[in-house]
Amino acid sequence: MSDSDSEVDKKLIKEQAKQLTQIKKENKKLKKQIKELEMEVADEKEYLRNSEADFLNTLGEENTHNAELNEELIDLRKEYDFLKEEHDEFETELDEEITLRMKLEKEIKELKEKNKKLKEKSKVRYSEETVKKIVKENISLEKENKKLKEDIKELKKEINELDDEMKELMKNFD
């Protein structure tokens, strides 16, 4: 081997040593980058696990809240049905009361007419017995008339109470 071969070998070896050193440095850098990337991946995985846990907790809270709202809705529907039923019953009672009131007013009118006719008849001269009968009948009719007036007052009072209850139910209903 000649000197020049030996020198070429030395240069070649030096060059390869430089390349090897450069490759080792690059490998070291790459290993460092790999470690940094692995740490970033680990951090990202931890973040995702925490995010998933937060999401599941929030989802659980929302589900609980929705269940509570559903229960409240069910209770409100039951209350609505109850109030609707009461309202319907009240309307039926009110209709019955109005019908009864109309009948009573008609009866009162008829009794007033009878009373008026009896008063006109009483102006005519009758025998003492007839007058006594008429007076008794008149007294009886006046008592009945008075009782009917009291009944009407009571019915008016009940109707007013029912009107007040209906207004209260309608307030609650709204």
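Q: What separates the mean positions of the positive and negative charges of the protein chain?
A: The mean positions of the 40 positive and 51 negative charges are 6 Å apart. Lys and Arg count as positive and Asp and Glu as negative, whereas His and the chain ends are not counted. Each charge is placed at NZ of Lys, CZ of Arg, CG of Asp or CD of Glu. This is a predicted model, in which local features need pLDDT of at least 70 and side-chain atom pairs count only at pLDDT 80 or more, while totals for chains, interfaces and linings use all residues. Residues are numbered from 1 along each chain as its sequence is written, and side-chain values use heavy atoms, with hydrogens and water left out.

Q: What makes the protein chain more spread out than a compact globule?
A: The secondary structure comes to 2 helices and 0 strands; helices (H or I, at least four residues) and strands (E, at least two) are DSSP runs, numbered from the N terminus. The radius of gyration, taken over C-alpha atoms, is set against a globule rule of 2.2 Å times the number of residues to the power 0.38. For 174 residues the rule gives 16 Å, and the chain has 53 Å, well over that value, so the chain is more spread out than a compact globule. Along the principal axes, its C-alpha atoms fill a box of roughly 180 × 20 × 15 Å.

Q: Why is Arg 77 called exposed?
A: Exposed means over 50% relative accessible area, buried under 20%, and partly exposed in between (1.4 Å probe, protein chains only). Arg 77 has 53%, so it is exposed. This residue is found in helix H1. Its C-alpha atom lies 71 Å from that of Glu 129, at a sequence separation of 52 residues.

Q: Why does His 87 count as buried?
A: His 87, in helix H1, has a relative accessibility of 12%, and therefore counts as buried. Leaving aside residues up to four places away in sequence, His 87 touches Met 166 and Met 170, where contact means heavy atoms within 4.5 Å. Met 170 is 83 residues away in sequence, yet the C-alpha atoms of the pair are 8.2 Å apart.

Q: Why is Asn 115 called buried?
A: The relative accessible area of Asn 115 is 12%, so this residue is buried. Asn 115 also lies in helix H1, and its C-alpha atom is separated by 9.5 Å from that of Asn 145, 30 residues apart along the chain.

Q: What makes up the largest nonpolar core?
A: A nonpolar core is a set of buried Ala, Val, Leu, Ile, Met, Phe, Trp, Tyr and Cys residues joined through side-chain atoms within 4.5 Å. Here the largest one has 8 residues: Leu 104, Ile 108, Leu 111, Leu 118, Leu 141, Leu 148, Ile 152 and Leu 155. Ile 108 touches Asn 145, Leu 148 and Ile 152, with residues up to four places away in sequence not counted.
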